[in-house]
Amino acid sequence: MAHTTASGAPRDMVLIDQQPTTFNEADALVHSSDPLHPANHICSLCRQFYTHGWVTGTGGGVSIKHGNHIFIAPSGQQKELMRPEDMFVMDFATRQYLRRPAVLKPSACTPLFLAAFTQRGAACCIHTHSQWAVLVTLICESGLQNPSERNVFSMKEIEQIKGISRGGAGSSEIAEGGRKVGNLGYFDTMQIPIIENTAHEEDLRDTLEKAMVEWPEACAVLVRRHGVYVWGKDVAQAKTQCESLDYLFQLAVEMHKLGLKWV
Ligand SMILES: CSC[C@@H](O)[C@@H](O)C(=O)COP(=O)(O)O
Ligand SMILES: [Zn+2]
């Protein structure tokens, strides 16, 4: 059995740095025997997402909002090897870290995850580097599907579209801002905006927030040549929407190769 950390360092070294002999209040935030506790859940989700090719090579990530606490994985670490004690915990109201593991840095995706929690009332946000998501943004960029839709991915009349909600988070009939909620129907056109990539992940925040405002029904934002951010009112909704979208992105790429139109 490999006794190494997500960064590849011997596990014992990090245990000395990160696990004080006295179990303090900050550490209590990430220790639970409940597999659905956010600190445990992020680790198991990352292991699953790794097998889909969504978070390989340290890319991508996931964050969970639990009450007033935001759980965030560390930056630049192997996502499939995450441990609960590697998690950062932020107070949502004050944006102060309640727990910062020594040595590690919080994910560069943090401002993007916070945008989903703040603007959409989401409780989970997933970022993938899925090749299907990247390819869809490249096909849109080429204008070969629809020259007037380089900044949005549209699809309709595919059964899996019914797995996508309008807005991704919220449970009432009409959410804040007047947008409709509930899932898309078979004859609805699903539209996912595409924003341009930036040199640094955190610099995506302004355009991602703008896209959230301009596309109030979208439950995700594609990032050109990079991946996708998908959110939901809870972990289950964020995860299943991410799965449905990845299915649709792959299908779209295969349809494109066959010369078929998406809408
Ligand atoms: C392969 S590096 C990818 C990163 O630059 C970034 O795009 C990403 O998704 C993960 O950022 P991280 O700060 O490691 O959580
Ligand atoms: Zn990324």
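**Close-up views of a predicted model**

View 1. His127 has its place in strand S5, which covers residues 124-128. The model shown here is predicted. In the unreviewed UniProt entry, the annotation "binding site" covers His127, His129 and His226. These residues span 100 residues in sequence, yet no two of their C-alpha atoms are more than 10.0 Å apart, so they gather at one spot.

**View 2. The surroundings of ligand 1.** His127 also belongs to the set of residues around ligand 1. Glu201 is another member of that set.

**View 3. Helix H4 packed with helix H6.** H4 covers residues 110-120, and H6 covers residues 205-214. The two helices pack at an angle of about 25°, and their axes are 10 Å apart. Angles under 35 degrees count as roughly parallel, so H4 is roughly parallel to H6. Their crossing is right-handed.

**View 4. Residues where H4 meets H6.** H4 brings Pro111, Leu112, Ala115, Gln119 and Arg120 to the contact. From H6 come Arg205, Leu208, Glu209 and Met212. What classes do the residues of this contact divide into? Five are nonpolar, three are charged and one is polar.

Methods:
Residues numbered from 1 in each chain as written. Chains lettered and ligands numbered in written order. Predicted model: local features only at pLDDT ≥ 70, side-chain atom pairs only at ≥ 80, totals over all residues. Axes fitted to C-alpha atoms, helices over the stretch in contact; angles between N-to-C directions. Helix = DSSP H or I, 4+ residues; strand = E, 2+ residues; numbered from the N terminus. Parallel < 35°, antiparallel > 145°, perpendicular 65-115°, else oblique. Left-handed = near helix turned anticlockwise from the far one by under 90°. Contact = placed C-beta atoms within 7 Å. Nonpolar A, V, L, I, M, F, W, Y, C, P; charged D, E, K, R; others polar. Near = placed C-beta within 6 Å. UniProt positions renumbered as here; feature names shortened; annotations may be inferred.
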